[in-house]
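I opened this entry to write down what I looked up, one topic at a time. The model comes first, then what I noted.

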Amino acid sequence: RIVYLNGEWLPEAEAKVSVFDRGYLFSDAIYEVTCVLDGKLLDYDGHSARLKRSTGAIGIKMPVDDETLLSLHRQIAEKNEMTEGLIYLQVSRGNPGDRDFMFTDDMTPTFFMFTQKKNVIETKTGKNGITVASVEDLRWGRCDIKTTQLLYPSLAKMEAHEKGADDAWLVRDGLVTEQSSATAYIVTKDDVVITRPLSHEILPGITRASALVIAEKNGIKVEERAFSVDEVKAAKEAFYTSASNFVTPVTAIDGHPIGDGKPGALSLKLRDLYIEDRR
Ligand code: PDD
């Protein structure tokens with residue numbers, strides 16, 4: 001792969017960052033994942049806006065302007081001949097030259113991007129769904145900022161796997177916040193899609209924003225409110241959204257089948273509508 005790092009295009013083995021980088025020592029970094037489909041960037045405006053919001057929230061200066069950022073996205077997909085897959089980008093506060101909890105506002109950020117070729121349309125999970133396990137949400141209080149502090153979501157997903165499920169639905173005060181790296185939804189018996197409202201407790205998903213608009217455009221009712229694990233068990237359907245998985249059905253939680261335990265009709269329809277709309 002050809003990787004972008006601080007203004008240079010490099011073979012991946014040559015893209016190196018200092019051990020003193022605050023991204024490495026303090027997870028002092030913001031990231032984004034944008035999907036490429038048919039050679040086109042999906043929901044690019046949403047991802048670039050969230051990147052600026054996240055870097056702004058922790059006071060990291062964006063190392064490039066808007067035009068350059070878009071051009072880099074296009075160039076990295078082209079250079080790696082990727083027409084379907086993901087672009088990962090990360091901006092850390094940079095390398096102060098020594099380990100120090102304090103930082104100054106004149107630091108030069110470390111900025112890199114790489115691609116991951118991946119089939120995003122024809123996926124097993126898109127068709128068959130996944131199962132989830134509920135795991136306590138022990139993340140920090142600003143989950144709306146897309147930082148690289150991903151240790152807890154990673155441990156939660158491992159715990160879910162140990163329990164025989166594919167992923168974790170995180171639970172705070174008895175209510176589902178989100179999936180380890182995606183937005184969570186249920187569908188009620190009367191076909192209302194329910195998802196948690198935006199707050200500091202969840203990431204404002206870019207796919208969430210698009211999926212809700214597409215749902216409403218197609219006459220699907222949406223209600224933004226928190227829901228409990230018991231409501232998930234009693235729901236007709238469940239699904240999740242993320243840039244890398246679009247709309248994907250969820251068929252069981254903690255070993256209880258959701259609905260008939262098969263991917264729900266509305267979930268699959270919303271997946272098709274989302275893909276159709278983006279193409
Ligand atoms: N994850 N919630 C969390 C905690 C996430 O990490 C993500 C994205 C989402 C969905 O956001 P979006 O629709 O903008 O992708 C929700 C990315 C894909 C990742 O970490 O790889």
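**Lysine 61.** I began with lysine 61, which is partly exposed because 14 other C-beta atoms lie within 10 Å. For the burial terms I used these cut-offs: a residue is buried with 20 or more other C-beta atoms within 10 Å of its own, exposed with 12 or fewer, and partly exposed in between, the C-beta atoms being placed from the backbone. Lysine 61 sits in the loop between helix 2 and helix 3. I took helices (H or I, at least four residues) and strands (E, at least two) as DSSP runs, numbered from the N terminus. I also looked up arginine 93: its C-alpha atom is 8.1 Å from that of lysine 61, and 32 residues separate the two along the chain.

**Ground rules.** I noted that this is a predicted model, in which local features need pLDDT of at least 70 and side-chain atom pairs count only at pLDDT 80 or more, while totals for chains, interfaces and linings use all residues. Residue numbers run from 1 along each chain as its sequence is written.

**The whole chain.** I found 8 helices and 15 strands in the protein chain. The C-alpha atoms fill a box of roughly 55 × 40 × 30 Å along the principal axes. The radius of gyration is 19 Å, which agrees with the value near 19 Å for a compact globule of 279 residues. That radius is taken over C-alpha atoms, and the globule rule is 2.2 Å times the number of residues to the power 0.38. Buried residues are 39% of the 279. Of the contacts with a separation of 6 or more, 71% join residues 24 or more positions apart. A contact here means two C-beta atoms, placed from the backbone, within 7 Å.

**Helix 3.** The expected span is 1.5 Å times one less than the number of residues. Which residues of helix 3 are buried? They are Leu69, His73, Ile76 and Ala77. They cover an arc of only 100° around the axis, so they are on the same side of helix 3. The arc is that of the directions from the helix axis to the C-beta atoms. Glu67, Ser71 and Glu78 are exposed on the face turned away from the buried side. The cover over the buried residues of helix 3 includes strand 1 (2-5), helix 2 (44-57) and strand 5 (85-92). After helix 3 comes glutamate 81, with a positive phi near 50°.

**Helix 5.** I then checked helix 5, residues 151-162. It has 12 residues and reaches 16 Å from first C-alpha to last, close to the 16 Å expected. Pro153, Ala156, Lys157 and Ala160 are its buried residues. Seen down the axis they fall within an arc of 100°, so they line one face of helix 5. Leu151, Ser154 and Glu162 are exposed on the other side of helix 5. What do the buried residues of helix 5 pack against? I noted strand 7 (130-136) and strand 8 (167-172). Just after helix 5, glycine 164 has a positive phi of about 90°.

**Valine 187.** I looked up valine 187 in strand 10, residues 183-187. It is buried because 24 other C-beta atoms lie within 10 Å. Alanine 238 is 51 residues from valine 187 in sequence, yet their C-alpha atoms are 5.8 Å apart. Leaving aside residues up to four places away, valine 187 touches several others, among them Val193, Ala238 and Leu266.

I noted serine 27, with phi near 50°, in the loop between helix 1 (22-26) and strand 3 (29-37). Aspartate 191 has phi near 60° and lies in the loop between strand 10 and strand 11 (192-195).

**The ligand.** Last, I listed the 14 residues around the ligand, of which Ser181, Gly205, Ile206, Thr207 and Ala243 come nearest. A residue counts as near if its C-beta atom, placed from the backbone, lies within 6 Å. Helix 6 (206-217) and strand 13 (237-242) each supply at least two residues of the shell, and helix 6 gives the most, with 3.
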